[in-house]
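These notebook entries record what I looked up in one structure.

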Amino acid sequence: MVTKTTTGIVMTATLIAFGFAAQTARAETIFEPDLTYEQMLNAPIGVEQAMSIAREQAEGRVVEFSMEEFNSKPVYEATIAAPTSLTEVIISADDGAVLSTARQTAATPELMQQLIEEDIEDVMEFAALMDGELFSGDRHDDDGHCAAQDDKG
């Protein structure tokens, strides 16, 4: 029972990640990527070390791991799933410092599943809202960047 529930939580957490990834992918068609390939390769803290740091912050399985830019600095983002918690850890790629830890918990795996499902609904509603605001009425230049609109129609 716990194994099926844990698997369900991990799969649901992955779906959440895909929801964010889908929205991010759409946003990346408009904006430039944060980090260059060279920046990712030359980060002082490697992936293995960052994953080890993330695992020290929470029990469970790493279900998502990425490198992003935050405040013009490279960071690793890790999502760790356990039967009654989902934890996001942000780690500096420059020095390995834990910059942020956010944990969502529930009393039982069933309640955790319910929270995750509600999060998925929220992500889907947000994505639908953003589709309407970003892509209806906005003008874009040839590179996909938002062009300034004037009041002259």
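**Entry 1: glycine 46.** I looked up the exposure of glycine 46 and found it partly exposed, with a relative accessible area of 26%; the class runs between buried, under 20% relative accessible area, and exposed, over 50%, with a 1.4 Å probe and protein chains only. Glycine 46 sits in the loop that joins α2 (37-41) to α3 (47-57). Helices here are DSSP runs of H or I of at least four residues, strands are runs of E of at least two, and both are numbered from the N terminus.

**Entry 2: basis and confidence.** The model is predicted, with pLDDT of at least 70 needed for local features and 80 or more for side-chain atom pairs, while totals for chains, interfaces and linings use all residues. Residues are numbered from 1 along each chain as its sequence is written, and side-chain values use heavy atoms, with hydrogens and water left out. I noted a mean pLDDT of 75, with 64% of the residues at 70 or more; pLDDT is the predictor's confidence in each residue, from 0 to 100. Over residues 17-31 pLDDT stays under 50, and the model has 15 contacts there beyond four places in sequence, a contact being heavy atoms within 4.5 Å. Residues 148-153 also stay under 50, with 5 such contacts. Where pLDDT is low, the predicted coordinates should not be read in detail.

**Entry 3: helix α3.** I listed Ala50, Ile53 and Ala54 as buried in α3. Viewed down the axis of α3, its buried residues fall within an arc of 100 degrees, so they line one face of the helix; the arc is taken from the directions from the helix axis to the C-beta atoms. An α-helix has 3.6 residues a turn, so residues three or four places apart point the same way. The face turned away from the buried side of α3 carries the exposed residues Glu48 and Glu56. The buried residues of α3 pack against β1 (61-70), β2 (73-82), β3 and β4 (98-105).

**Entry 4: the sheet.** In what order do the strands of the open sheet run? I recorded 4 strands in the order β1-β2-β3-β4, with antiparallel pairing; two strands pair if DSSP finds at least two bridges between them. The edge strands are β1 and β4, each pairing on one side only.

β2 and β3 pair over 8 bridges and form a hairpin with 2 residues between them. Within β3, leucine 86 is the bridge partner of alanine 81, and isoleucine 90 stands opposite glutamate 77. β3 and β4 pair over 7 bridges, with valine 98 of β4 as the bridge partner of isoleucine 91. In the hairpin of β3 and β4, with 5 residues between the strands, glycine 96 takes a positive phi near 80 degrees.

**Entry 5: two serines of β3.** Is β3 enclosed or open? I found 7 of its 8 residues buried, so β3 is largely enclosed by the rest of the structure. Serine 85 is buried at 11% and touches, among others, Arg103 and Met112. Serine 92, in β3 (residues 85-92), is buried at 8% relative accessibility. The residues that serine 92 touches include Ile45, Pro74 and Leu99. A polar atom of the serine 92 side chain lies 3.1 Å from the backbone nitrogen of aspartate 94.

How values were computed
Polar contact = N/O pair within 3.5 Å; in protein donor to acceptor, adjacent residues only side chain to side chain.
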